[in-house]
Amino acid sequence: PDQYCVFGNPIAHSKSPLIHAAFALQTGQAMVYDRRLAPLDGFALAARTFAAEGGKGANVTVPFKLDACALATELTPRAQAAGAVNTLRFDNETILGDNTDGAGLVADIVRNAGVSVAGKRILLLGAGGAARGVVLPLLEQGPQEMFIANRTVATAEALVAQFADALAHPGQLRAGGFAQPDGQFDIVINATSASLAGDLPPVPPGIFGRHTLALDMMYGAQPTVFMDFAAQHGAQVRDGLGMLVEQAAEAFYVWRGVRPQTQDLLAQLRSAL
Ligand code: ATR
């Protein structure tokens with residue numbers, strides 16, 4: 001069987017081996033997938049060693065997504081835009097770096113939640129690595145407008161400058177602080193790491209309404225403070241578990257050329273949280 005793995009530090013709690021084992025079984029692909037702990041200063045060596053052993057590809061998680069971007073000899077446009085790599089494919093001497101996080105988010109919103117992005121008002125909270133990774137895939141869906149709000153406004157403004165050439169019309173992408181967005185948004189995505197600390201980005205409650213989908217990239221047994229706040233103000237809420245499964249399905253497709261079904265697995269993972 002072909003060998004794959006996920007690199008991270010820590011890595012013990014990664015759900016990726018379980019997800020890819022389920023995909024392999026479902027699609028009848030002969031592959032094995034395990035987890036590898038790389039030393040904090042030793043990602044490149046660990047990845048090259050795995051490739052030399054015959055590894056065909058790998059997922060990359062915290063804190064190695066920038067190291068993986070540097071290691072790749074070729075980058076897909078979406079990895080280049082994200083400035084980070086979560087999926088590597090080893091083809092002889094070539095190390096292809098891809099980023100499936102944004103496609104995973106879009107698939108979860110469009111297919112799983114049944115909400116289209118085209119023509120909508122999108123609010124993206126955060127401007128770090130997680131936010132940057134999803135900007136291009138969201139823009140490609142043709143939103144009416146997308147506002148990037150961040151605690152450090154300059155970082156959000158830098159993202160707007162980075163994606164200036166990808167816009168369908170001027171003003172499609174704007175940036176500011178958390179207090180700035182006004183009126184209701186169709187989709188609000190929390191890509192800050194605030195939920196990890198139990199914090200809430202201080203956004204005005206008026207951004208949420210009954211037709212708003214509020215999605216936190218984090219997930220856990222309990223809703224995040226952001227999900228609770230959005231629900232209190234009438235929004236439909238969603239956590240990041242669907243995005244996790246969909247980014248994995250997209251990576252599986254990059255490696256195997258087969259697109260696995262995700263619904264049953266998502267329900268199964270949900271009930272095990
Ligand atoms: P990640 O890869 O998770 O995006 P990151 O690149 O360190 O990690 O970015 C973290 C993001 O969460 C940033 O947008 C950060 O805001 P700043 O750019 O102002 O640092 C945001 N963030 C982290 N903690 C936060 C908090 N308590 N409240 C609001 N935003 C927070």
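This is a predicted model: local features need pLDDT of at least 70, side-chain atom pairs count only at pLDDT 80 or more; totals for chains, interfaces and linings use all residues.
Trainee: Ok. How many bridges do β11 and β12 have?
Mentor: Strand β11, residues 213–216, pairs with β12 over 3 bridges, in the parallel sense.

Trainee: And which residue does L215 stand opposite?
Mentor: L215 stands opposite R238 in β12.

Trainee: What sheet are β11 and β12 part of?
Mentor: An open sheet of 6 strands, in the order β9-β8-β7-β10-β11-β12, with parallel pairing. The edge strands are β9 (173–176) and β12 (236–238), and each of these pairs on one side only. From one strand to the next, the twist averages 15°.

Trainee: New topic. How many residues are in the largest nonpolar core?
Mentor: The largest nonpolar core has 78 residues, and I148 and V188 have the most contacts inside it. Helix α9, residues 241–256, gives the largest share of this core, 8 residues.

Trainee: Which domains does that core draw on?
Mentor: At least three residues come from each of domain 1 (2–99 + 242–271) and domain 2 (102–239).

Trainee: Back to V188. What does it touch?
Mentor: Leaving out residues up to four places away in sequence, V188 touches L123, L125, I207, F208, T212, A214 and A230.

Trainee: Last one. What does UniProt say about residues 240–270?
Mentor: An unreviewed UniProt entry annotates residues 240–270 as "domain: SDH C-terminal". In the model, that stretch is 77% helix and 0% strand, and its end C-alpha atoms are 11 Å apart.

Methods
Residues are numbered from 1 along each chain as its sequence is written. UniProt positions are given in the numbering used here, feature names are shortened, and annotations may be inferred rather than shown by experiment. Helices (H or I, at least four residues) and strands (E, at least two) are DSSP runs, numbered from the N terminus. A nonpolar core is a set of buried Ala, Val, Leu, Ile, Met, Phe, Trp, Tyr and Cys residues joined through C-beta atoms within 7 Å. A residue is buried if 20 or more other C-beta atoms lie within 10 Å of its own, exposed if 12 or fewer, and partly exposed in between; C-beta atoms are placed from the backbone. Domain bounds come from an automatic or database domain assignment. Two residues are in contact if their C-beta atoms, placed from the backbone, lie within 7 Å. Two strands pair if DSSP finds at least two bridges between them. Axes are lines fitted to C-alpha atoms, for helices over the stretch in contact, and angles run from 0 to 180 degrees between N-to-C directions.
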